[in-house]
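These are my notes from going through one structure. I wrote down what I looked up, entry by entry.

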Amino acid sequence: MNATSSGSAVAGPDRFYRLRRALEALLVPVIALALAAAAFSLFLLFLGKSPGAFFELVWRGAFGSWFSFQNTLERAAPLLLTALCVALPARLGLVIIGGEGALVLGGLAAAVVALPLARLSPPMVQLGMALAGMAVGAGWIAFVGWLRAVRGINETISSLLLAYVALAIFNHLVEGPLRDPTSLNKPSTANIGDVNMLAHLPGTDIHPGLALGIIACVALWILIERTSFGFACRVTGGNLRAAQLQGLPVTRLIMIACALGGACAGLAGMIEVAAVHGRANASLAAGYGYAGILIAFLARHNPLGIIPMAILLGGISAAGGLLQRRMGLPDATVVVLQGMIFLSILTSETIYGRLRWFQPREAK
Amino acid sequence: MSHIHTRRRVLQGIAAGAATTALTPFATRPAFAADLVVGFIYVGPKDDYGYNQAHAEGAAAVKSMPGVKLLEEEKIPETLDVQKSMQSMIELDKATLLFPTSFGYFDPHMLRVAEKNPKIQFRHCGGLWTKGKHPDNTGSYFGYIGMAQYLNGIVAGHVSKTKKIGFIAAKPIPQVLTNINSFTLGARAVDPSITTQVIFTGDWSLPVKEAEATNSLADAGIDVVTCHVDGPKVVVETAERRGMFTCGYHANQAKLAPKGYLTGAEWNWANVYKSFIEKAQKGEPMPNFVRGGLAEGFVKMSPYGPAVPEAARKQADAVKADMMKGGYSVFKGPMKDNKGKEIIAAGKVYEESAIELESMDYLVEGVIGAIA
């Protein structure tokens, strides 16, 4: 994590330290990406495929045309929100990997409240759905935070196991009490109605989840980096005992941060229902919650860093189909590339603060 | 490791990456203008020995037809991803005929993409298309595979020594229940004392649960098993290891169980896809809705394995010959469910195409298990 102290302490003798530090934050991940790409090229050569053709197709499938770029952005949309569910609690030192649970239950709650609200105008229905999804997601992850803060239960394990519980509850309700009887071979809740679906962003083919995700990333970045609440969270993450000694309300901070993260995941579920599926069914559990973990770690739990990382992974997955079609590569190829990027960037974390060139210098 | 070494390695890595990128020409294969570009999308891997492989085998038959360019994507979830895959095939590869093969691709995904692309033809596997309700450039094809499961049941009934057979199923939805009930009815036509233990795993692809279910059936003394999950591979391999016999489903799994594989209920999609594409190439209108069973060549049986006795072959072949004539029915009254309630009144006969069978919500007498 960001253990380096602020630059002001050495501002006098080393005027370029801030610049070098910014350069470090940019160069390390870029070089890590390049290394992952190089390692992956070897893998491709071993398969007898051309790395040049591969990366050209990745570019074309992810960013090469307006269609491709929209494809990338729309795939990034749910990942922005589920990554926040990991990144925010991580700033308090919690590793929460069960965002998938908050997503499916949030989506289910949104689909369910749409029915009694159906007499209202579509924006009100959508607002109600969003609030319901966020509330359920927030409650689900806040429970994990409560277990951690009050009962000392490991949040990584409890959030993962609760994700399975969430999925079981979801399946039970969707296939049982909440099932639309006309959904014979694919059990689903009742349709929320076409008028209540979220419209695309103006001039694009992208659903509004992208805008909401970016707004959430910016808002939570401000919260965590620029407010006293955020400072208290970071102190808690840096040293829990010290935070307690300072009289910070650690339990409350943990639960609020978890609730905010869970609300983001719940909102992602609501958007899947209101912008894509129109109902809640097993397709909601598409793994966005788990992909969010990858992105949060790649972004080093910085809410603003989530935006480029989600777009990067969205782009890789957008290119996946084209790679299958044009190069005859199995779907797993894309997973291998993601794994290499993940490993490479995580390994590069250990380099921060170790390369002498980037360090503060004594005046000669 | 010193810093210099690290840096040198980094530079070498970059150089290697750049060199390979620069040296290799782009491998693009432009389609000929006259080619019909056909796209297939699968929800799971193409080599799953099951649902997806059955479609991929059909696609492979299409690939060998002249004037066809085949596009395939596997492991595409029933989310926005499949909408993007279809749109990408249309925009980047100029596909004009798409087969999204998974049941959950239909609504809303295929319908939404079809509305946006009225000149592109879409045909979906699953029998959901309704005239007037769904766009004219979309359609459905599906097979009645229940009768093939009935034949599976006849063979299982002859082979089983313990008189206990098993069925591993994903979800208690009508299509799956039809298969469980048909399999059971076939076996009980051989010996009415036979029971079928059913286990629902809860989802279409849960290999660990499928293996556990197979093992628990073996432990309970069940000696013939079949299944309805996306990829029967795990069930068939586990059963072979436990010395059980298996009846296949979706595709031919004989390779996975050379000793215990009896026969199997297989899709024959090559037939269906070829006829669609021949129509498209001739410029004839493509039908919006096609369905068929054994007689129509939508479904076929795997060749018998070595463990199938002569009596079983004879009876199954005789029933199959009857089915091929058309009009055969497995669901005939009086019939009771496994709770003793009458579900089909005496004198009532449902052919495989009967609409009543499409909302099946019961397990017939002889099945051990519950839906809810």
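This is a predicted model: local features need pLDDT of at least 70, side-chain atom pairs count only at pLDDT 80 or more; totals for chains, interfaces and linings use all residues.

Entry 1: I then listed the contacts of A:I141, leaving aside neighbours within four places in sequence. A:I141 is in contact with A:C85, A:I96, A:A102, A:C258, A:A259, A:G261, A:G262 and A:A265.

Entry 2: I checked the loop between α11 (288–298) and α12 of chain A, where A:R300 lies. A:H301 is placed in the loop between α11 and α12 of chain A. Most residues other than glycine have a negative phi. Phi of A:R300 is positive, near 55°, and phi of A:H301 is positive, about 60°. Is A:H301 buried or exposed? I noted 21 C-beta neighbours inside 10 Å for A:H301, so A:H301 counts as buried; the cut-off for buried is 20 or more. A:R300 has 19 such neighbours inside 10 Å, so A:R300 counts as partly exposed.

**Entry 3: where the chains touch.** How many residues does each chain give to the contact? I found 36 residues from chain A and 38 residues from chain B. On the side of chain A that touches chain B, at least two residues each are supplied by α1 (17–47), α2 (51–62), α3 (66–90), α10 (250–277) and α12 (303–327) of chain A. I sorted the residues of this side of chain A into 17 nonpolar, 12 polar and seven charged.

**Entry 4: domains of chain B.** The domain assignment gives chain B a domain 1 (36–143) and a domain 2 (146–266 + 300–368). I noted 29 Å between the C-alpha centres of domain 1 and domain 2 of chain B. Nine residues of domain 1 of chain B are in contact with 10 residues of domain 2 of chain B. The residues on the domain 1 side divide into three nonpolar, four polar and two charged.

**Entry 5: the sheet in chain B.** I traced an open sheet of seven strands with mixed pairing, in the order β13-β11-β10-β9-β7-β8-β18 (chain B).

**Entry 6: helix α8 of chain B.** I looked up the buried residues of helix α8 (residues 233–241) of chain B; among them are B:V234, B:V235 and B:V236. Their cover includes β7 (164–169), α7 (207–219), β9 (224–228) and β10 (245–250) of chain B.

**Entry 7: cis peptide bonds.** Most peptide bonds are trans. I found a cis bond joining B:D107 and B:P108, with omega about 5°; B:P108 is in helix α4 (residues 106–116) of chain B. A cis peptide bond also joins B:G333 and B:P334, with omega about -5°. B:P334 lies in the loop between β14 (331–332) and β15 (335–336) of chain B.

How values were computed
Residues are numbered from 1 along each chain as its sequence is written. Chains are lettered from A and ligands numbered from 1 in the order in which they are written. Two residues are in contact if their C-beta atoms, placed from the backbone, lie within 7 Å. Helices (H or I, at least four residues) and strands (E, at least two) are DSSP runs, numbered from the N terminus. Ala, Val, Leu, Ile, Met, Phe, Trp, Tyr, Cys and Pro count as nonpolar, Asp, Glu, Lys and Arg as charged, and the others, Gly among them, as polar. A residue is buried if 20 or more other C-beta atoms lie within 10 Å of its own, exposed if 12 or fewer, and partly exposed in between; C-beta atoms are placed from the backbone. Two strands pair if DSSP finds at least two bridges between them. Domain bounds come from an automatic or database domain assignment.
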